[in-house]
Amino acid sequence: MDELRPLLPEWDCNRWYAAGSLAKAIVARYEIDALPNALKVVVAQKAAQNGLLLPLVSLETARLVARWLVKLKTTRELRVAWLLRNPSHAARFLVLDAVGPVGAARQAAEAALRIIPEHAREAAREYGPEAERGIAATLVADVVVPLKVPTLGKWIDPRMLPPVLLRGTNQALPAEAVGTLLTLLALSTPNDGHADLKAVREACDEVSLARFSWELFEVWRANGMPATDGWVFTALGLLGDDEVARGLVPLIRAWPGESQHPRAVTGLDVLAAIGTDAALTALNSIAQKAEFAGIKRKAREKIGEVAAGMGLTAEELGDRLVPDLGLDDASSTVIDYGTRRFTIGFDEQLRPFVLDESGKRLKALPKPGAKDDVEVAPAEHKRFARLKKDVRTIADDQIVRLERSMMLERRWPAAEFRAYLVAHPLLRHLVRRLVWTTGDGRSFRVAEDGTFADVRDETFPLPDDAVVGVAHPLHLGEDVAAWAEVFADYEVLQPFPQLVRPVRRFTEAELSSRVLERFKDVEVGIGGVLRLTRGAWKRGAPMDAGIEHAITRPLPGGGSIEVTLDPGIVIGEPHEAGPQVLREIGLVGERRTFADLSPVTASEVLAELAT
């Protein structure tokens, strides 16, 4: 329809419903000629969240992204995603602004180029030595100096905050210095501390800084969380530690249910900025198990962004984030009361047990007594309580992750399987309760001593070049019954249904189709639909009157299955919806027929729909 091309500059698709989706279709059809119109939609609706912004590449787009990067607190990850997707173009567009006159344009360009430093240096070389020197200085600096110093909220009283101690001493910063610290935090961006803040962090005790930031955050919450002092929240990412991350997680999980979704998304940014293993583990846990679909999706995007920055996939980063909690190779640790010592271990179901110094098993860890160290013993008892809670959380998260790995047929190189699963002091217990398969279809289990055995209980030599995955019953074939007998003999309880997992298959007629008729016009309760969306299925975009008319399930390798619902789910009140009729069930995307799905994916999809 080339006759419409000349009309594009004058046509305003913002007047249409779902302008973002419409603009994406226009860009796909008319490409560069549709760029001005698409940018109008982005500016009018801040529509980066629908993916419209990502493929747009121009000087105007680069400046828009850079400006929003320093001005907008929401959807920061999508501005970063645009820069990481178009780094060479972005750098060429923004270098001249970054070495130009001091002002808003320079500030924005400098902030953007810090995210793509290597491309910034390469682009600067194209502009000559002067640009090279300017960009080199920009990338060395810690943060862009704002145009004006912000005014701190009147609710902030430095005298009411916990002391910030100088490193290695019991001396606290004076009130005047604390005021300066607060100003430096207010001058900082969520991901970049003010240049002078680095010196403060080097001079002061990390634990006291983290406690200071958390108490400041709590006071901010108690005063109604004023938006003008939102820097208090993001400051947790600059000064926070594992304890701050632990305190933040319940809030992030709860906020979406309190109409505070944007604040929960900012919380994800804070966890990523803290960046410790515990903080990233919490972020990964939210991505896997959050109750609200929106925050779960955002967490997955964030963990993917963090992983990409490390040259890993989200799954590979997840392997490396499983904390060992200070446990030794025997999955144990010592609780020291000063006068008494106890060994804490975990059984195959990750239940804790306690041994005294003679090796006698106790019913529980004794409470500190009068003869125990008055400072050390209570802290150690508290550590044990936290350890039990952390292990329960890790077990729940990793069981979900391993089952998902089986469903998606994920494979680990043998070296990573040994290092991140078999050798891990906690995961080894879960690993031993599953059957594993190699890329060539051979199955094995991990024995209690860490060696490998086949279904005949003979030593299984795992080649170094093998790939390993959690076996699905379809991988095991006739060996399922034999493996079930082996696990029964050893009294091994599986962490999730594996050997007893039902296997389902498409009929011959269904295999040659892309529409599934067997569930068509079936009426189901809203609870059944919502249970699906807690797993692999996702709720669709709301349409007229905020009704979600479909749920979809992404498929390994691309494409998805879509189920059309009637009457649909009311956004914001999903549990209030009545029974749903499954009107249409079919493939979306490149998959031509159901025969294109692997037998494992087919079985899992049919099982999910059947339940």
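Mentor: The protein exposes about 30400 Å², of which carbon and sulfur atoms supply 54%. The model is predicted.

Trainee: How many helices and strands are there in the protein?

Mentor: The protein holds 25 helices and 14 strands. Buried residues account for 46% of its 611 residues.

Trainee: Which residues of helix α22 are buried?

Mentor: In α22, which spans residues 480–489, the buried residues are Val 480, Trp 483, Val 486 and Phe 487. Viewed down the axis of α22, these fall within an arc of 120°, so they line one face of the helix.

Trainee: Which exposed residues does the face of α22 turned away from its buried side carry?

Mentor: That face bears Ala 481, Glu 485, Ala 488 and Asp 489.

Trainee: What do the buried residues of α22 pack against?

Mentor: Their partners are β7 (443–446), β8 (452–453) and α21 (473–476). Just after α22, Glu 491 adopts a positive phi of about 55°.

Trainee: Turning to the loop between α22 and α23, is Gln 498 buried or exposed?

Mentor: Gln 498 sits in the loop that runs from α22 to α23 (508–511). Buried means under 20% relative accessible area; Gln 498 has 0% relative accessibility and therefore counts as buried.

Trainee: Which residues is Gln 498 in contact with, leaving aside its neighbours within four places in sequence?

Mentor: With those neighbours set aside, Gln 498 contacts Met 406, Leu 434, Val 435, Val 470, Ala 471 and Pro 473. A polar atom of the Gln 498 side chain lies 2.8 Å from the backbone oxygen of Val 435.

Key: Residues are numbered from 1 along each chain as its sequence is written. This is a predicted model: local features need pLDDT of at least 70, side-chain atom pairs count only at pLDDT 80 or more; totals for chains, interfaces and linings use all residues. Side-chain values use heavy atoms; hydrogens and water are left out. Helices (H or I, at least four residues) and strands (E, at least two) are DSSP runs, numbered from the N terminus. Buried means under 20% relative accessible area, exposed over 50%, partly exposed in between (1.4 Å probe, protein chains only). Accessible areas come from the Shrake-Rupley method with a 1.4 Å probe; for residues, only the protein chains shown count as cover. The arc is that of the directions from the helix axis to the C-beta atoms. Contact means heavy atoms within 4.5 Å. A polar contact is a pair of N or O atoms within 3.5 Å; within protein, one must be able to donate a hydrogen and the other to accept it, and residues adjacent in sequence count only if both atoms are side-chain atoms.
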